[in-house]
Amino acid sequence: MRKRSALLGTVIILVIALYPSISLTPIHLEKIDYDYDLRQVCFNPLSDGGVGSNLTWTSRTQQVPQLLENESIAVGDHVVLNATFPDSLNITHCEMRVWNGFTYATTRPLVPASDPWGNFEGPINPEDFDWIIITGIERGLLVNITCNFTNGDSDFMVWDGTLDQTEFEHTNNLARMTSGRKPEHDSFIWSSDNDTMFLGCLNYDNTTIGNWTLNIQVGIDAIESVNASSIGMDTYYITGRNQSCFVCATGYTDLNESIVLLREQISICNFFAPNVAIYPPVTLPSDDKTYNISWSCFDRNADDVNYYSVWISSNDGYTYLLVAQNLTRTWHLWNSTGWFESCYTFRVRAYSLDFTIAGMTDVSDPPAGYWPGDYSDGIFIPFEAGEHYVMPTKDVGVHSASYIAYSEGENGNYINWTLYFANWGNDPDFIDYKIYRNRTLLTVGRHVFSQDSFILSINVDGLLEGTYKYLLSFRNPGSYGRTVRDEVFVFVDSASITPTPAILSILQLVFISSILPIVLIVIIIIVNKSHDSHNSGYR
């Protein structure tokens, strides 16, 4: 903590239960014009250049110096910018600045704070701050902030959009701008994948009237200096990608005068995607199911190490499946066992990785951890591979009502068996079925699914009073392969009353009660005969 830490023992920290939302309209950096004048870095300029002064560029692949003018394009591995001044100007010190990005400046009123230094312990009170929200900040860019103020002391804190405002604390803010200096300044690399920045101004001495000013630059801002009459800068490590920049070279004389060389919208292209070519896949001599996928790669960046990922497609490249990644060799063995017979397209993606700067590349998180990570693809025309596989046939099941009932003489009575497919595979073409009535074969038929519906029906009109059991039987054409059977009872009554489940239960009881005496008589006769035989042994 800062300034008044000695007072902590006597302070009661106010806990705010509900925080107001930060409602300021966000400012998106892509909508802001370049309004930063690079000439501001110089003082007492003699002229814009001068006779004999020039800016040039070279690279590993372009050794002859090329003149750098507005909107020039510098292309090569490790583009080096060079500024030279003639000896007649007596230049003793040179600076070169390469800058790219956006700037924003604004002046806003100070906000009274209820408890200024209470915001340095635990969650802040958003009502004590004046807020500016900026969006469009890319990961890896330099954020350069300068804040001035009319009161005696104001502090500034910064958070990224991954945090909810209830989580904002002094300890997790990104800037070091609570020092008491005037103005406050800090610069840092934006390390978040979230592109939103919350910047709050805290009126620390709680002045009732006043304002504060923000100047922010987001982008690349690299400065080199040397005590000589010429200067050079390798732009490879400062750009991170191919992009346009401002270039300003300044030469200082021993009389505290300066010469300015300014070039605008210079396209600096240091990074080249690798070129990869895939050779025809070949099977191994010992295994005709395993293919050797091999390729070659060329990279114009001399320090790059190439890493590869291998992808496969069975739909002419519409979609791809990753089969290997983080490879450093230029081949991969693909075993086609278990893959459907098809025409396959292979894609090899080659990435550029530079390990010359420690910590820039993390191969444990491919490809997000690759730096610079530029890539290109090599694709081989489709070729036939895989195993011929016969799709299984779906199982066929059946369900129906357990019974139907009608009275003698009624018409329009049918048993309906509903057929259905189960499991995964091809649809069966047909089933051959048999229908039995009371164990007597009634009919034999073939049900073709492409022509018939999934309902198999049989008319059961014309039956006399009684109970009948109909049985449908067919061989399941699916992989399960068993015989499928389904029974339906038909109850025919001579009366006009159609049997219901309750009536059927009563009929069953009557049937059992009528049969039971007969069964008892038979048992008695058998017992008596056994008894007589037993007694005859004593005669």
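User: What makes Asp 130 and Arg 108 a salt bridge?

Analyst: In this predicted model, the closest N and O atoms of Asp 130 and Arg 108 are 2.7 Å apart. The cut-off is 4 Å between a side-chain nitrogen of Lys or Arg and a carboxyl oxygen of Asp or Glu, so the pair counts as a salt bridge.

User: Which parts of the chain does that pair tie together?

Analyst: Asp 130 lies in strand β8 (residues 129-135) and Arg 108 in strand β7 (residues 91-109), so the bridge joins parts that are 22 residues apart in sequence.

User: Why is Asp 130 called buried?

Analyst: Its relative accessibility is 8%. Buried means under 20%, so Asp 130 falls in that class.

User: Why is Arg 108 called partly exposed?

Analyst: Arg 108 has 21% relative accessibility. The class between buried, under 20%, and exposed, over 50%, is partly exposed, and therefore Arg 108 belongs there.

User: How do you know that Asp 193 and Arg 139 meet in a salt bridge?

Analyst: The N to O distance between their side chains is 3.5 Å. The limit is 4 Å, so the pair qualifies. This pair links distant parts of the chain, 54 residues apart: Asp 193 is in the loop between β11 (184-189) and β12 (197-203), and Arg 139 is in the loop between β8 and β9 (142-149).

User: Are Asp 193 and Arg 139 buried or exposed?

Analyst: Asp 193 has a relative accessible area of 67%, and Arg 139 has 52%. Exposed means over 50%, so Asp 193 is exposed and Arg 139 is exposed.

User: What makes the contact of Asp 427 with Lys 394 both a polar contact and a salt bridge?

Analyst: The side chains make a polar contact at 2.8 Å, and the salt bridge has an N to O distance of 2.8 Å. The polar limit is 3.5 Å and the salt-bridge limit is 4 Å, so the pair meets both distance limits. Asp 427 is in the loop between β27 and β28, while Lys 394 is in the loop between β24 (372-385) and β25 (395-399), 33 residues apart.

User: Why is Asp 427 called partly exposed?

Analyst: Asp 427 has a relative accessible area of 46%.

User: How many salt bridges are found in the whole structure, and which residues are linked in a network?

Analyst: The search finds nine salt bridges. Arg 60, Asp 77 and Asp 303 are linked in a network of them.

Key:
Residues are numbered from 1 along each chain as its sequence is written. This is a predicted model: local features need pLDDT of at least 70, side-chain atom pairs count only at pLDDT 80 or more; totals for chains, interfaces and linings use all residues. Side-chain values use heavy atoms; hydrogens and water are left out. Buried means under 20% relative accessible area, exposed over 50%, partly exposed in between (1.4 Å probe, protein chains only). A polar contact is a pair of N or O atoms within 3.5 Å; within protein, one must be able to donate a hydrogen and the other to accept it, and residues adjacent in sequence count only if both atoms are side-chain atoms. Helices (H or I, at least four residues) and strands (E, at least two) are DSSP runs, numbered from the N terminus.
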